[in-house]
Amino acid sequence: MQLIIFGAPGAGKGTMAQNIQKYKQFSHISTGDLFRRHIKEKTDLGKLASDYIEKGLLVPDEVTEKLIRHELDMIRSDFILDGFPRNIPQAEALDRILQDFDIKLTACVHLEIDPEIVIERLVNRMSCQDCGAPYNLVIKKPKVENVCDECGGKLTQRADDNEETIRHRFETYRAETEPLARYYENKGLLMTVNCNEGILTKLDQVWEDLAALED
Ligand code: AP5
Ligand code: MG
């Protein structure tokens, strides 16, 4: 099964990609996570990407497309693309990559959410810098402040999870990414899920709908 998940910042793309693995194992390809890894390792790509990410802007298309071509060349089946494509040129590039590798998309899942809910969620998001375990200062606090319950590592906040950058990320989403809904609707691949209450309560239904597409 080959899936795209797209939605506003904080809609729950990462949460869905991790939790849907209880039904089937997928390779989770998150362009945001890939860029953050490069930033942490201080690679040339990381230096370039951080300038854009900290402003809430998209990293240039040719850089991102090359990254995805490389990832899909290694994987080719049962994957979730989280955060790619993010505009129409990237969607067209993905069509070319999939054609080159003879891969068919199963569906494009659009996670819809109210902007104010997202800001509240993201300013409270933290994760462990060692094991990556996610926390939320409202709904999932660590037992000891700033310390991971799982491994004792330090909890950190993403550099782009401050209110000003979140608003820019949202503007970028509205202008560049939201038009993908029409693009994939025209291809008969769009599945829309309202995520104001979170993706987890919807997961069984989403999986049932996706599984039906494969029959
Ligand atoms: P990326 O890492 O993809 O960030 P994003 O799109 O802004 O989305 P997030 O990862 O913040 O949110 P999510 O939808 O994964 O939600 P999550 O599950 O964590 O991209 C970052 C940057 O990289 C971009 O801005 C851009 O600069 C660059 N980039 C990436 N891809 C690119 C591309 N293709 N082209 C160019 N540039 C690119 O959930 C959010 C929070 O909500 C969590 O804390 C979670 O615990 C909490 N939560 C979930 N459900 C609930 C609930 N029911 N109640 C309360 N809290 C909840
Ligand atoms: Mg994410």
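**Reading loops and strands in a predicted model**

Colleague: Where does P85 lie in this predicted model?

Modeller: P85 sits in the loop between β3 (79–82) and α5 (88–100).

Colleague: What makes the peptide bond joining F84 and P85 cis?

Modeller: Its omega is about 0°.

Colleague: Which loop holds K42?

Modeller: The one between α2 (31–40) and α3 (44–53). Phi of K42 is near 55°, a positive value, and K42 is not a glycine.

Colleague: Why is K42 called exposed?

Modeller: Exposed means over 50% relative accessible area. K42 has 64%, so K42 is exposed.

Colleague: Where is N146 found, and what is its phi?

Modeller: N146 is in the loop between β6 (134–136) and β7 (155–156). Its phi is near 65°, again positive in a residue other than glycine.

Colleague: Why does N146 count as partly exposed?

Modeller: Buried means under 20%, exposed over 50%, and partly exposed lies in between. N146 has 35% relative accessibility, so N146 counts as partly exposed.

Colleague: What is the strand order in the open sheet of three strands?

Modeller: The order is β6-β5-β7, with antiparallel pairing.

Colleague: What makes β6 and β7 edge strands?

Modeller: Each of them pairs on one side only.

Colleague: How do you know that β5 and β7 pair?

Modeller: Two strands pair if there are at least two bridges between them. Strand β5 (residues 125–128) and β7 have two bridges, in the antiparallel sense. That meets the cut-off, so they pair.

Colleague: Which residue in β7 is the bridge partner of S127?

Modeller: T156 is.

How values were computed. Residues are numbered from 1 along each chain as its sequence is written. Chains are lettered from A and ligands numbered from 1 in the order in which they are written. This is a predicted model: local features need pLDDT of at least 70, side-chain atom pairs count only at pLDDT 80 or more; totals for chains, interfaces and linings use all residues. Side-chain values use heavy atoms; hydrogens and water are left out. Helices (H or I, at least four residues) and strands (E, at least two) are DSSP runs, numbered from the N terminus. Buried means under 20% relative accessible area, exposed over 50%, partly exposed in between (1.4 Å probe, protein chains only).
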